[in-house]
Amino acid sequence: MSRPRALILGCAGPDLTTEERAFFRDADPLGFILFARNIDTVERARRLVDDLRSCVARSDAPVLIDQEGGRVARLRPPNWRKAPPARLLGDLYARNPEQGLEATRLNSRLLAADVASIGCDVDCLPVLDIAFPETHAVIGDRAYADRPEPVAALGRAAAEGLLAEGVMPVIKHIPGHGRATVDSHEALPTVTASRAELERTDFVPFQLLSDLPWAMTGHLLFEAIDPKECITVSAGAVQDVIRTHIGFDGLLLSDDLSMQALGGSLGDRAARALAAGCDVALHCNGKMPEMVEIVGRTGPMTEAAGRRFQAGRSFLARHRAPAGGRGLADAARRVAELLPEWG
């Protein structure tokens, strides 16, 4: 059986065009990602997800979404719940660790239920980046806390909630985006911290959650790791830091190739990310000319990537323990009790 192409792609709007259907059929990407531009009603979004999977003739093709809560939420009221940002959960943890973990786990069950309501099965959460004084606002309140241990504990609780409801978590942005002082959507952040300092702080949450099945890279240049290349396209950094020091052996996704932190053409970015050791390249904006260029520079998933993908499926199946309708209703009431300051 042939392996799908090592890509996850977006589409332009809430309905597939004839051109997109034919393109996705021929390109056969591993899966897809949705953004706010793709979301209308529950029914229309679910039809889009079904159509995307139909294009590649794989009913289990992963369909991703960024549903973190707070500022980063593709599913919004009135059709879906308004969820709190990570920092609010971190503040609760600082006051009462047990309640913080409970709220985070239950909140993620509710996030998973919303994600699953349209057929998506991967949520790009938890964010394991640490909040430093210099952290750019692009991360901001998406970070749980300013120390590695609370970030790891809350990230674990968030992942557990997603897994229990049958949604794959994605730890991000490995090996840590918190020291970025510029927005990697617009420019390449350069981190000057020493290797020893990074190992004491930024890398720790990812080490503690390295058993989880999926991770997404951060587009940053760490001078102490590779002074010339961004992590995403640095073979040395992927092998030395992500695979060896952190110990992550799951499915590694690049962050979005269309972000301006990466130089070169779109096709070059994809080829370099995969050559560096990313298992799958991610392209989000749904622009057809860019996708055509990227497909022309990428091939099927490697055997190792296929193994990691299947291992992730097995991991998810082992941890699935859905709460059911009544359980989710109870979870919503409990989160409201624990976070009365949240709408």
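How do the axes of helix H1 (residues 18-27) and helix H2 (residues 42-56) cross, and within what distance do they come? The close-ups below begin with that pair.

This is a predicted model, in which local features need pLDDT of at least 70, side-chain atom pairs count only at pLDDT 80 or more, and totals for chains, interfaces and linings use all residues. Residues are numbered from 1 along each chain as its sequence is written, and side-chain values use heavy atoms, with hydrogens and water left out.

**View 1. Helix H1 meets helix H2.** The two axes come within 7 Å and cross at roughly 45 degrees. H1 and H2 are therefore oblique to each other; angles under 35 degrees count as roughly parallel, over 145 as roughly antiparallel, 65 to 115 as roughly perpendicular, and the rest as oblique. Axes are lines fitted to C-alpha atoms, for helices over the stretch in contact, and angles run from 0 to 180 degrees between N-to-C directions. Helices (H or I, at least four residues) and strands (E, at least two) are DSSP runs, numbered from the N terminus. On the H1 side look for Arg21, Phe24 and Arg25, which meet Asp51, Leu52, Cys55 and Val56 of H2 (contact means heavy atoms within 4.5 Å). These contact residues divide into four nonpolar, no polar and three charged. Here Ala, Val, Leu, Ile, Met, Phe, Trp, Tyr, Cys and Pro count as nonpolar, Asp, Glu, Lys and Arg as charged, and the others, Gly among them, as polar.

**View 2. The largest pocket has a volume of about 330 Å³.** Its lining has 20 residues, and Asp66, Arg74, Arg142, His185 and Asp255 are the closest to its centre. Strand E8 (171-174) and strand E12 (251-256) are the elements that give two or more residues to this lining. By class, the pocket lining has nine nonpolar, four polar and seven charged residues. On a 1 Å grid over the protein atoms alone, a pocket is an open set of points with protein on both sides within 12 Å along at least five of seven lines, while a cavity is a set where a 1.4 Å probe fits but cannot get out; lining residues have an atom within 4 Å of a point. Grid points are joined across faces, edges and corners, and a volume is the space filled by probe spheres set on the points.

**View 3. One cavity of 30 Å³ or more is found in the whole structure.** About 80 Å³ of space lies in the largest cavity. Of its 15 lining residues, Glu68, Pro85, Ala86, Leu125 and Tyr144 are the closest to the centre. The largest share of the lining, three residues, comes from H4. By class, the cavity lining has eight nonpolar, four polar and three charged residues.

**View 4. Two cis peptide bonds and a positive phi deserve a look.** Most residues other than glycine have a negative phi, and most peptide bonds are trans. Lys172 and His173 are joined by a cis bond with omega about 0 degrees, and His173 is in strand E8. The bond from Ile174 to Pro175 is cis too, with omega near 10 degrees; Pro175 is in the loop between E8 and strand E9 (190-191). Asp28, with phi near 50 degrees, is in the loop between H1 and strand E2 (29-34).
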